[in-house]
Amino acid sequence: MNKTNFIFFSLILCLGCSKKLNTIVIPEGTDPNFKIVSHQDKGFTATNRKVDVFGIPIYAYEDVEDEKLLHAANVMAQYLDNDEDGVVDNPILITTLLANNAALFMWKKESQIRLNAQDLGADETVPEWHSNPNMRFDASLEEVWHVITHSGYSKAYPEVFGENENSQLAKAMDIARGGVYQKIPSEYPTTAWYTYDDRTCTYDCQVTEYFYWGMTSILGAQKDRLESIDNEWRLNTKDKVAQTDALLYQLLTDSTYQFPTILPNGKYRQ
């Protein structure tokens, strides 16, 4: 081999080495049930990895901690497979979620909230809350549930859980608010127990939030949080929901829909 060919061949080898050295390897994590993988999914390429939960992707930006991503995955799995036998409890629900391209993405900076899916902040995801309720509340319990209700229950059972004025859930909500309000009113009746006050929240959004408050109160997530949530929701325990909001309680404990009965703690099948 002459000198010119040797230099050319060496250059090709070096370029190949450089390409391999620059390949980013995504650590898969240490969770026994879920693996972190890289992806190039359309619409989510701003994120660099994801975890798949029964076919539902949870995406994460590069600066989101693996621990937070895996925690959200475990919470979603526990909501969907509450008896933790490895099979989603409600087959109609998971079919609907997949048909509607349900997804969640996790962000570290607010400037990253620009993808077409439900979002969850890494810093508001607090696995430690489950063992220490004095910590900041674990928002994964809310945002993951929003994915499941918005892309799942509301579309699988639209007459019951639809995010519109005609569903049974919405009718229960309007009783809880003391009236039918397409927009947040300047003041709720004093008898209302659901008084959501974010003026950017449209009617369908208000139904979604009502669904969340009811379910998590029944599951016990809100029992020690009344002082911090009573500006929006006053029935922070299962007994309060059953006694005051009988319509909601009946809907969310109906075995037909196979709702979770145990609050997720982020430790699916562990």
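Leaving aside its neighbours within four places in sequence, with which residues is R177 in contact? In this predicted model, where contact means heavy atoms within 4.5 Å, R177 meets Y188, P189, A192, Y194, Y203 and Q206.

Residues are numbered from 1 along each chain as its sequence is written. The model is predicted, so local features need pLDDT of at least 70 and side-chain atom pairs count only at pLDDT 80 or more, while totals for chains, interfaces and linings use all residues; side-chain values use heavy atoms, with hydrogens and water left out.

The protein holds 10 helices and five strands. Here helices (H or I, at least four residues) and strands (E, at least two) are DSSP runs, numbered from the N terminus. Taken along the principal axes, the C-alpha atoms fill a box of roughly 90 × 40 × 35 Å. Of the 270 residues, 49% are buried; buried stands for under 20% relative accessible area, exposed for over 50%, and partly exposed for what lies in between (1.4 Å probe, protein chains only). Among contacts with a separation of 6 or more, 53% join residues 24 or more positions apart.

The accessible surface comes to about 14000 Å², and carbon and sulfur atoms contribute 52% of that area. Such areas come from the Shrake-Rupley method with a 1.4 Å probe, and for residues only the protein chains shown count as cover. As for charge, there are 24 positive and 38 negative side chains, and the centres of the two sets lie 7 Å apart. Lys and Arg count as positive and Asp and Glu as negative, with His and the chain ends not counted; each charge is placed at NZ of Lys, CZ of Arg, CG of Asp or CD of Glu.

Back at R177, this residue belongs to helix 6 (residues 168-177). R177 counts as buried because its relative accessibility is 0%. Y196 is 19 residues from R177 in sequence, and their C-alpha atoms are 8.5 Å apart in space.

Helix 2 (residues 66-80) has 15 residues and reaches 21 Å from its first C-alpha to its last, close to the 21 Å expected at 1.5 Å a residue. The expected span is 1.5 Å times one less than the number of residues. Because 13 of its 15 residues are buried, helix 2 is largely enclosed by the rest of the structure.

Helix 4 (residues 140-156) has 17 residues that should span 24 Å at 1.5 Å a residue, which agrees with the 23 Å between its end C-alpha atoms. Helix 4 is also mostly covered, with 14 of its 17 residues buried. At T149, helix 4 bends by about 40°, the bend being the angle between axes fitted to the seven residues ending there and the seven starting there. T149 is also one of the residues touched by T208, along with H146 and E163, not counting residues up to four places away in sequence. T208 itself sits in helix 7 (residues 203-219) and is buried, with a relative accessible area of 10%.

F54, although not a glycine, has a positive phi of about 50°. F54 lies in the loop between strand 2 (49-53) and strand 3 (56-60), and at 26% relative accessibility it counts as partly exposed. Q258, also not a glycine, has a positive phi of about 50°. Q258 is found in the segment after helix 10 (246-252) and is partly exposed, at 36% relative accessibility.
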